[in-house]
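Please look at the structure below.

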Amino acid sequence: MMAVETRDVVVIGTGFGGSIPGYYLAAGGASVVMLERGPRLGTEEFTHDLQIGTYTRIVDLIRNDGVEVAAGNCVGGSSVVYFAASLRAPSFVFERSGTLGRRIWPATISRRTLDHWYERVERILPVSEQPWEQIPYAGGVWAAACSRAGHTCNPVPVAVDLGRCTNCNFMLNGCRFGAKRSMLLNYIPAAEACGAEIRPLHEVESIGPASTPGYRYAVNYLQLDPDDYRVSTGGGTIEAKLVILAAGAMGTPVILQRSAPLLGPMPAAVGRHFSPNGDRVSMALLDETKVHDLLGLERAPGVAYDAYFVGRPITTITYDYLDATLPEFERFSLEQIYFPPIVNIVPEDGIDGPPVWFGVDKRTLTSRWRSWLSVLHMTEDNNEGVFGPPPPTGNFVRISVAAGVGQITYQVSPETQRGFDLSDAATRAIVEQDGLGRHLLWLGDRNTLSAHPLSSCRMGDDPATSALDDRNELRGHPGIFVTDASAVPTSLCVNPSLTVAALAERASALLLRRAGDYGVTVAPGSARWW
Ligand SMILES: Cc1cc2nc3c(=O)[nH]c(=O)nc-3n(C[C@H](O)[C@H](O)[C@H](O)COP(=O)(O)OP(=O)(O)OC[C@H]3O[C@@H](n4cnc5c(N)ncnc54)[C@H](O)[C@@H]3O)c2cc1C
């Protein structure tokens, strides 16, 4: 029998939610091991091709009943594959009550109290403002169309080193220029410099009670085959005084559900109230002559990757509909976004009539691809998603290297639909003005598509509707802290990573102050940046 290892802290997952507390606890002198189900790739290993088995090694597309979710699967988590749009959530988000009838967020968290942590993350990543001269064509078209329709539109702040960025537009594959400021460039190396150990291809299955005196929890994992994540090559257990659970909003509730027979009942909100961040995609098919005549813009001749937008994938956004005085479910942002070819079925679904995927029709569609503008609406949704029972292993049933079937049931409520409809109408008014283009509704697959899963183990003050207290501790299970996107209580109306990171910074600071209560000694003020 394998000897059980012990550590002060086991961190599960190495995205924003895992790397940040992992760093602070290691910097304080705690012994920290970070278990990550995905592989570890260095900057030079990220590829510029779209073959199965290259970029697909580090991102999963998980199909559920009513929602399809993309999520990172590697050391650094979704920060490695994300598009790096880094925005603070508007103040009204923290005051939301949804259909609950009372404030959903904990009373101690507001935009004002979170600003300190936002500012810290922006400095550490760091986040840059994109100057207008670096905004690529698609972002410029969206900004000019908004302006012509009487709206403001701004460059999106990004966690990208703009001096290093080559605009290659392979961000989904991980940045091989080291320009995207993923966790691989900041918190993770800092954590390792302080002694944290990272173990890739270690998938945590469950948490049970520890058997070693002085330790609280036993974290059970399987080791995964690097060529086929469905195959396990071994397994083990590490006992810890503290567990930081940060397997992402798609993973954290599943691990907890599976742990209930070992640890006792979980809070009712585990695996409920899931939100895809109110994400909705729509398209505009532009008339390039009108773009020239009305907006005064045209593509440079001989543009590389002609069929796709060149440049960073997210560049401009209109904040005009984030009006705090509007009723809830009527506020949203509209952001230009480039979709990589992996999701090229999306624009096809936007064409009136039945989707056509093969043959001449497809050729005709892709010949117009250069004139497609895609817009991401981020609305106020109603936390409708519910997880079903967990699969025997893993976070979902993996059917291939990058694809799986999950347990979520997601049915759009009338409130969420109201936000979708209003944001569709706003986008249509902008892109159809004077025949600039044609707004395409997403008519195909009824699934909501999201890269922003949230809220499946959320914080709050009411034990009936939240799984975590306002310090991110799992109710009824002292010493388990959930610090990832699953803790975020509601959709945010903007891209969520900066909020996930700010909340993880806040949770880390609160935890460091009382780590001694759990038998973990940390030196105060030991975190430093170089
Ligand atoms: C393609 C894409 C583009 C995006 N673009 C943006 C953007 O531009 N701006 C923005 O703000 N947000 C963006 N996001 C969302 C953002 O990346 C996430 O909100 C954020 O990374 C969530 O952080 P997290 O720590 O909760 O989860 P993740 O960063 O997903 O980290 C979870 C980690 O846990 C690991 N894990 C899961 N299960 C287990 C297990 N059982 N055992 C061990 N490890 C496990 C995962 O492999 C992963 O590494 C994007 C996401 C994607 C997928």
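The paragraphs that follow take the aromatic rings and then the ligand.

This is a predicted model, in which local features need pLDDT of at least 70 and side-chain atom pairs count only at pLDDT 80 or more, while totals for chains, interfaces and linings use all residues. Residues are numbered from 1 along each chain as its sequence is written, and side-chain values use heavy atoms, with hydrogens and water left out.

The structure holds seven aromatic pairs. Rings of Phe, Tyr and Trp (its six-membered ring) pair if their centres lie within 6.5 Å; planes under 30 degrees apart count as stacked, over 60 as edge-to-face and the rest as tilted. The ring centres of Phe-274 and Phe-387 are 5.9 Å apart and the planes stand at 80°, so this pair is edge-to-face. Phe-274 lies in the loop between helix 7 (252-263) and strand 10 (279-286), and Phe-387 in strand 14 (residues 386-387), so the pair ties together parts that are 113 residues apart in sequence. Helices (H or I, at least four residues) and strands (E, at least two) are DSSP runs, numbered from the N terminus. Both Phe-274 and Phe-387 are buried, where buried means under 20% relative accessible area, exposed over 50% and partly exposed in between (1.4 Å probe, protein chains only).

Tyr-321 and Phe-332 form a stacked pair, with 4.8 Å from centre to centre and 15° between the planes. Tyr-321 is in the loop between strand 11 (314-318) and strand 12 (332-337), whereas Phe-332 is in strand 12, eleven residues apart. Tyr-321 and Phe-332 are both buried. Elsewhere, ring pairs join Tyr-23, Tyr-24 and Tyr-187 into a cluster.

Now turn to the ligand. Which residues come nearest to the ligand, of the 39 around it? They are Glu-36, Ser-78, Asn-395, Ala-485 and Ser-497; a residue counts as near if one of its heavy atoms lies within 4 Å. By class, this shell has 21 nonpolar, 14 polar and four charged residues. Ala, Val, Leu, Ile, Met, Phe, Trp, Tyr, Cys and Pro count as nonpolar, Asp, Glu, Lys and Arg as charged, and the others, Gly among them, as polar.

An N or O atom in the side chain of Asn-395 is 2.7 Å from a nitrogen atom of the ligand. A polar side-chain atom of Arg-37 lies 3.0 Å from an oxygen atom of the ligand. Taken alone the ligand exposes 990 Å², and the protein buries 97% of that (areas from the Shrake-Rupley method with a 1.4 Å probe; for residues, only the protein chains shown count as cover).

How values were computed: A polar contact is a pair of N or O atoms within 3.5 Å; within protein, one must be able to donate a hydrogen and the other to accept it, and residues adjacent in sequence count only if both atoms are side-chain atoms.
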